[in-house]
Amino acid sequence: MIIHFDDGREPVYKYRDIFKDFKGSIVWFISTSTIGKKQEGNRYYTPHNYATWDQIRECRDLGWEIGNHSHEHKRFIAMTEEEMIYNIEKSQKIFQDELGEKPTKFAYPFGKFDAKTEEVVMRYFDYRRNTKREDGNYGVYKERPEQLTDKELLIFHSLAEKNPKSCEYKVDELKKLLCMI
Ligand SMILES: [Zn+2]
């Protein structure tokens, strides 16, 4: 069982203890331009901050793998090759400076990719996530958690104690889910 968190949002750090008995692997995909910044509330998220590098390092030290989610979090399919390379190389440099190593895994911003993005991204990474699952589509976890297999990949963006918005998963429901897997 694999859990991916996308973007680098502080609530993921805040609720990190939920995963202390989780036996699978966790990859936290970070967009380097947003680190430590504020996120205004919208229909996808309640207001929160992005995690800081100290918080990301703390999760890394818990055994989480840190992945690359680009620098600017823009759609790669709308970029020139130069823009893709800029986003990858700029973020990899920041990861190297902050973590002492470069991520080997990549997740496309908004999950959008095509043959050209794949060709560029695969020059830099051992793994890139190219599933078709859309952002915020958590129904599968809620509707049939008993059918999850140990090969399943769960993708989250952020967590909320109550009234989760569409890209947030409710903390209590996540605890229940983790007991079933
Ligand atoms: Zn994202």
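The legends below describe close-up views of a predicted model.

**View 1. The protein chain as a whole, with its helices and strands.** In this predicted model, the protein chain holds six helices and 10 strands. Buried residues account for 30% of its 181 residues. When contacts between residues at least 6 apart in sequence are considered, 64% of them join residues at least 24 apart.

**View 2. Strand 1 between its two pairing partners.** Strand 1, which spans residues 2–7, is mostly covered, with five of its six residues buried. Strand 1 is joined to strand 2 by six bridges, and these two strands run parallel; strand 1 also pairs with strand 8 in the parallel sense, over four bridges. Individual residues show how the pairing is laid out: I3 stands opposite I26 in strand 2, and H4 stands opposite V27 in that strand, while the bridge partner of H4 in strand 8 is I155.

View 3. In strand 5, N68 is the bridge partner of I30. Strand 2 is mostly covered, five of its six residues being buried.

**View 4. The largest nonpolar core.** This core contains 28 residues, among which F5, V12, W28, F29 and F156 touch the most other members. At least two residues of the core are supplied by each of strand 1 (2–7), helix 1 (10–14), strand 2 (25–30), helix 3 (81–99), strand 6 (105–107) and strand 8 (153–156), and the largest share, five residues, comes from strand 2. Taking V12 as an example, and leaving aside residues up to four places away in sequence, this residue touches F5, W28, A51, S158 and L159. As general background, nonpolar side chains in soluble globular proteins tend to be buried together.

View 5. Helix 3 has 19 residues and reaches 26 Å from its first C-alpha to its last, which is close to the 27 Å expected at 1.5 Å a residue. Its buried residues are M84, N87, I88, S91 and F95. Seen down the axis of helix 3, these buried residues fall within an arc of 90°, and they therefore line one face of the helix. An α-helix has 3.6 residues a turn, so residues three or four places apart point the same way. The buried residues of helix 3 pack against strand 5 (65–68) and helix 4 (115–121), whereas E82, E89, Q96 and D97, on the other side of helix 3, are exposed. Helix 3 is followed by G100, whose phi is positive, near 80°.

View 6. E152 lies in the loop between helix 5 (139–143) and strand 8.

Conventions: Residues numbered from 1 in each chain as written. Predicted model: local features only at pLDDT ≥ 70, side-chain atom pairs only at ≥ 80, totals over all residues. Core = buried A, V, L, I, M, F, W, Y, C linked by C-beta atoms within 7 Å. Buried ≥ 20, exposed ≤ 12 C-beta atoms within 10 Å, placed from the backbone. Contact = placed C-beta atoms within 7 Å. Pairing = 2+ DSSP bridges. Expected span 1.5 Å × (residues − 1). Arc of directions from axis to C-beta.
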